[in-house]
Amino acid sequence: MSLALRLEHVSFAYAHGTPVLRDVELEVQRGEFVAIAGPNGGGKTTLLRLVLGLERPTSGRVEVLLHRYGYLPQRAQTGIDAPLTVRELVGVGRVPRTRLFGPLGHGDREAVREAIDRVGLTPQADRRLSTLSGGQQQRAFIAKALAGEPELLALDEPTTGVDIEAQEALAALLVRLRDELGMTILYVSHEFGAVEHFVQRIVLIRERVVFDGAPSALPGVWHDPSHVHA
Ligand SMILES: Nc1ncnc2c1ncn2[C@@H]1O[C@H](COP(=O)(O)OP(=O)(O)OP(=O)(O)O)[C@@H](O)[C@H]1O
Ligand SMILES: [Mg+2]
């Protein structure tokens, strides 16, 4: 196993606020698929943002040994009134891998096509996003995150408003990406009932890491993350 990322004694507070993360310790190996859960306001999104370098810790150290990130921010599906097609949206996700301001080349178009295919949206590739169902739109955003061929995929509640079947299908897709491409995956979700059969590891965040282990080792009361007590 080789290390993908490590947080050492990480604490974080937004400007002039009280700490929202305290003394977080976390190590993730390459190729791990880690579910991150916890109550609203527990610090899950903040943790992802620290890992992605979008925030700096107030104290402690964040070390990430992967270079290409795919990030699906929380509630990314809102505000898609723009008349974009699936293929165009996914093409935007390819931009970090293309030459600056250059058009998408053959290899880029192929990567976009493959990302769309992986999420099962090939039949809808040239439809406008606004004409797709909520779950299909979510998959389009996941394809966008995949298009840059990330080493680290960070998904923040990608299944909000998506039925249990689609949640399980997404978890299965992520397992496949991990197995085939060796991707390291951080998956924030409230509904971990849908993912617990697919992941080896769940990390519960409530200001601190209050649980880190196999889903089967999770105390029963914690299966409802809103009842997590530190
Ligand atoms: N930009 C911000 N400025 C100030 N405080 C913030 C900001 N973003 C989040 N917070 C606060 O930090 C804490 C952790 O928020 P965070 O978004 O990381 O939680 P979360 O676990 O992702 O919650 P949820 O399940 O609701 O998405 C909360 O108390 C929140 O109010
Ligand atoms: Mg959040």
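## Strand β3 and its partners

Four bridges join β3 to β8, and the two strands run parallel. Strands here are DSSP runs of E with at least two residues, helices are runs of H or I with at least four, and both are numbered from the N terminus. Two strands count as paired if DSSP finds at least two bridges between them. The model is predicted: local features need pLDDT of at least 70, side-chain atom pairs count only at pLDDT 80 or more, and totals for chains, interfaces and linings use all residues. Residues are numbered from 1 along each chain as its sequence is written, while chains are lettered from A and ligands numbered from 1 in the order in which they are written.

In β8, V34 has R201 as its bridge partner. Strand β3 (residues 33–37) also pairs with strand β7 (residues 184–188), in the parallel sense and over four bridges. There I36 is bridged to V188 of β7.

Is β3 buried or exposed? Five of its five residues are buried, so β3 is largely enclosed by the rest of the structure. A residue is buried if 20 or more other C-beta atoms lie within 10 Å of its own, exposed if 12 or fewer, and partly exposed in between, with C-beta atoms placed from the backbone. F33, A35 and A37 point one way from β3. V34 and I36 point the other way.

## The six-stranded sheet

β3 belongs to an open sheet of six strands. The order is β5-β6-β7-β3-β8-β9, and the pairing is mixed. The edge strands are β5 (69–72) and β9 (208–213), each of which pairs on one side only. Neighbouring strands are turned by 15° against each other on average, direction ignored.

Strand β8 (residues 201–206) pairs with β9 in the antiparallel sense over five bridges. V203 has D212 of β9 as its bridge partner. Helix α4 packs on the sheet and touches β5 and β6 (152–156). The direction of α4 makes about 160° with that of β5. Axes are lines fitted to C-alpha atoms, for helices over the stretch in contact, and angles run from 0 to 180 degrees between N-to-C directions.

## The nonpolar core

Nonpolar side chains tend to be buried together in soluble globular proteins. In this model, the largest nonpolar core has 60 residues. Such a core is a set of buried Ala, Val, Leu, Ile, Met, Phe, Trp, Tyr and Cys residues joined through C-beta atoms within 7 Å. Which residues have the most contacts inside it? They are V34, I36, V90, A143, A154 and Y187. Helix α4 (residues 134–146) gives the largest share of this core, six residues.

Y187 touches F33, V34, A35, I36, L155, L174 and V195, leaving aside residues up to four places away in sequence. Contact means that the C-beta atoms of two residues, placed from the backbone, lie within 7 Å.

Helix α2 (residues 86–94) packs against helix α3 (residues 106–118) at an angle of about 120°, with the axes 9 Å apart. The crossing is right-handed. A crossing is right-handed if the near helix is turned clockwise from the far one by less than a right angle, and left-handed if anticlockwise. From α2 come V86, R87, V90, G91 and R94; from α3 come D108, A111, V112, A115 and I116. Six of these residues are nonpolar, one is polar and three are charged. Ala, Val, Leu, Ile, Met, Phe, Trp, Tyr, Cys and Pro count as nonpolar, Asp, Glu, Lys and Arg as charged, and the others, Gly among them, as polar.

α2 also meets α4. Their axes come within 7 Å and cross at roughly 35°. This crossing, too, is right-handed. V86, L89, V90, V92 and G93 of α2 touch A140, A143, K144 and A145 of α4. By class, that contact has seven nonpolar, one polar and one charged residues.

Strand β1 (residues 3–12) pairs with strand β2 (residues 21–29) in the antiparallel sense over six bridges. L3 has Q29 of β2 as its bridge partner. Five bridges join β1 to strand β4 (residues 59–64), again antiparallel. Here L7 is bridged to V62 of β4.

H9 lies in β1. Its phi is near 50°, a positive value in a residue other than glycine. H9 counts as exposed because it has 12 C-beta neighbours inside 10 Å. H16 sits in the loop between β1 and β2. H16 is not a glycine either, yet its phi is positive, at about 60°. With 5 other C-beta atoms within 10 Å, H16 is exposed.
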